[in-house]
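User: Hi! I'm new to reading protein structures and would like to go through one step by step. Could you help me?
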There are 2 protein chains.
Amino acid sequence: MSFDTLQSKIRSMKNPTVAGLDARLEYVPAAIVQKQIEAYGETRKAAVEAIFEFNCGLMDALSDIVPAVKPQSAYYENWGWEGMEMLERTIRYARSKGFFVIADVKRGDIGSTAAAYSEAWLGKSQVGEEQIPGFDADCVTLNGYMGSDAIKPFLKDAEAEDKCVFALVRTSNPSAIELQDMVAGDRVVYKVMGELVDRWGKTTSVGEYGYNRVGAVIGATYPSDLRQLRKMLPHTFFLVPGYGAQGGTAEDVHYAFDRYGRGAVINASRSIMCAWKKTGHNGEDYAQAARDAALEMRDAIRAVTPIL
Amino acid sequence: MSFDTLQSKIRSMKNPTVAGLDARLEYVPAAIVQKQIEAYGETRKAAVEAIFEFNCGLMDALSDIVPAVKPQSAYYENWGWEGMEMLERTIRYARSKGFFVIADVKRGDIGSTAAAYSEAWLGKSQVGEEQIPGFDADCVTLNGYMGSDAIKPFLKDAEAEDKCVFALVRTSNPSAIELQDMVAGDRVVYKVMGELVDRWGKTTSVGEYGYNRVGAVIGATYPSDLRQLRKMLPHTFFLVPGYGAQGGTAEDVHYAFDRYGRGAVINASRSIMCAWKKTGHNGEDYAQAARDAALEMRDAIRAVTPIL
């Protein structure tokens with residue numbers, strides 16, 4: 001599914017947000033964890049089943065109000081292959097509930113390795129006559145430090161499968177500046193990366209809403225950069241992390257959108273997943289708390305940015 | 001295991017090379033693939049078992065002459081969770097055969113996400129009272145585009161578990177120049193990354209051979225950069241891809257070593273894995289062909305760079 005699909009879902013829900021599915025075990029209410037430990041002992045299997053139950057509960061609570069989910073691969077890899085099996089189940093469940101699924105994997109490698117990563121996350125691998133999907137997300141995040149060689153194989157699969165990608169441009173973390181803000185004449189590294197994203201995007205088809213298949217990750221925590229990059233990259237869909245826990249506000253992320261309130265999706269992870277920690281009910285209400293937090297975020301963003 | 005362990009293995013075998021375990025299914029001799037398809041049909045399971053048999057055959061043929069192996073995560077991820085299960089088995093088998101294991105994952109993310117990746121590849125995750133490893137490699141490759149936030153969590157686990165990391169500095173691919181060669185005054189991006197690697201390394205302990213726990217990935221295909229970076233980074237162990245198929249020669253990689261022929265390990269993947277394709281025996285001799293290619297590479301490097 002391309003950015004058109006995502007934009008359509010956003011418009012119908014009037015909600016330009018994506019919920020991170022990035023659960024550390026300590027984000028899962030203790031009762032859920034305990035039940036799985038009783039079933040499977042203190043094992044990876046117990047951890048993985050607790051997180052899966054939590055993920056499904058969150059998705060059930062959010063599917064009519066939030067258009068997209070973003071599982072972060074790290075929180076599945078840390079449980080070894082059992083975590084990856086659960087990631088496949090999570091993605092499958094998300095798609096069955098109608099979510100647009102962004103696999104946040106930030107992969108970046110070259111040549112046949114990039115092609116294998118693309119098969120893993122967007123495309124299919126071949127055995128004999130069979131074409132078999134891997135994790136089969138709608139969209140994937142990428143790291144372009146190695147240049148075009150790391151991106152192009154994904155664009156081929158994106159075009160063939162009607163999918164899309166986000167490449168890192170300006171990340172939301174404090175140490176982002178160490179490399180990304182290095183100045184060369186009047187250009188900085190993250191703008192060069194922005195130009196590369198634009199160049200890669202121009203080799204792909206453009207959707208109804210005017211966005212091509214190569215989006216950009218641009219953090220909410222640097223709003224003036226967000227504003228400049230929005231002007232610089234009119235055909236690039238933005239994925240904006242850093243809202244909420246990391247300090248980004250509805251005013252900050254306003255700059256990510258075009259004048260119709262389109263062209264961007266704002267991520268929140270902990271503020272939704274861990275909303276139950278603030279209600280004083282030991283997590284019994286985690287689904288409702290997540291829903292309330294998601295609605296609050298939606299309304300805060302809509303108050304500043306009407307979604308047309 | 002730290003770079004000291006790797007350097008000791010290299011010295012005892014007089015061979016500063018690492019064999020990539022990056023098998024696409026077409027690198028595996030047809031007879032092996034066919035046998036698994038007969039057992040499991042045209043499925044992921046068949047692909048995965050064929051690659052595992054091939055990996056083990058390669059490792060059996062190389063374990064007394066090659067000190068390290070480098071499985072590339074992409075070639076396991078493309079088979080979904082079943083690929084990741086086989087990657088765990090491959091790493092376990094590699095360690096049982098005495099190889100130093102570099103998980104080539106090029107992960108790069110921040111904060112608690114970086115911590116989860118570190119648990120996945122070097123450290124342990126906790127369930128109740130149990131500390132459970134993930135893929136449990138000796139060493140991992142990282143991408144520092146996001147700055148220190150993406151690296152530091154790994155250094156904590158590396159110190160605790162006596163392990164180490166390689167961060168991308170100068171990659172071997174043609175499009176590496178697009179971002180990495182951007183000039184700012186008298187500095188280029190990859191040298192800034194080199195300085196960051198040096199800074200991160202200085203926060204870790206230094207081994208007997210004078211190398212800290214943060215190595216650098218520096219491609220063989222840019223030998224003059226390799227020479228400059230060797231001078232600039234005397235306490236940084238190098239992982240050098242790009243030998244053989246990508247065009248790097250023994251003369252090129254000579255610059256990666258210090259004057260004792262230490263401080264670097266040179267990767268070869270396809271030239272070893274696919275050596276059987278040049279012998280005209282349909283892959284029956286893949287293990288011997290891999291061994292011959294590894295010995296040839298070892299001798300070519302040693303002829304230019306004595307290992308003391």
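Analyst: Happy to! Let's begin with a definition: two strands pair if DSSP finds at least two bridges between them. Keep in mind that this is a predicted model.

User: In chain B, how many strands make up the closed barrel?

Analyst: Follow the order β1-β2-β3-β6-β7-β10-β11-β12 in chain B, where the pairing is parallel. From one strand to the next, the twist averages 30°. The number of strands in this closed barrel is eight.

User: Which residue is the bridge partner of B:Ile102 in β6(B)?

Analyst: Start with the two strands: β3 (residues 100-107) and β6 (residues 139-142) of chain B pair in the parallel sense over three bridges. Two bridges are enough for a pair by definition, so these strands qualify. In β6(B), the partner of B:Ile102 is B:Cys139.

User: Now for chain A. Which residue in β7(A) stands opposite A:Leu142?

Analyst: Chain A has eight strands closing into a barrel, with parallel pairing. Within it, β6 (residues 139-142) and β7 (residues 164-170) of chain A are joined by four bridges. Opposite A:Leu142 stands A:Ala167.

User: At about what angle to β7(A) does helix α7 of chain A run?

Analyst: Helix α7 of chain A covers residues 152-161 and lies across β6, β7 and β10 (214-218) of that chain. Its angle to β7(A) is about 145°.

User: Let's move to the interface. How much area do chain A and chain B bury between them?

Analyst: The contact takes 75 residues from chain A and 75 residues from chain B. In chain A, A:Glu42, A:Trp81 and A:Tyr145 lose the most area to chain B, together 13% of what that side buries. Carbon and sulfur atoms carry 58% of the area buried between the two chains, which is about 5,900 Å².

User: How many salt bridges are there between chain A and chain B?

Analyst: One example is the meeting of the side chains of B:Asp109 and A:Lys106, at 2.6 Å from N to O. The cut-off is 4 Å, so this pair counts as a salt bridge. Between chain A and chain B, the count is ten.

Key. Residues are numbered from 1 along each chain as its sequence is written. Chains are lettered from A and ligands numbered from 1 in the order in which they are written. This is a predicted model: local features need pLDDT of at least 70, side-chain atom pairs count only at pLDDT 80 or more; totals for chains, interfaces and linings use all residues. Side-chain values use heavy atoms; hydrogens and water are left out. Contact means heavy atoms within 4.5 Å. Buried area is the accessible area (1.4 Å probe) that two parts lose on being put together, summed over both. Axes are lines fitted to C-alpha atoms, for helices over the stretch in contact, and angles run from 0 to 180 degrees between N-to-C directions.
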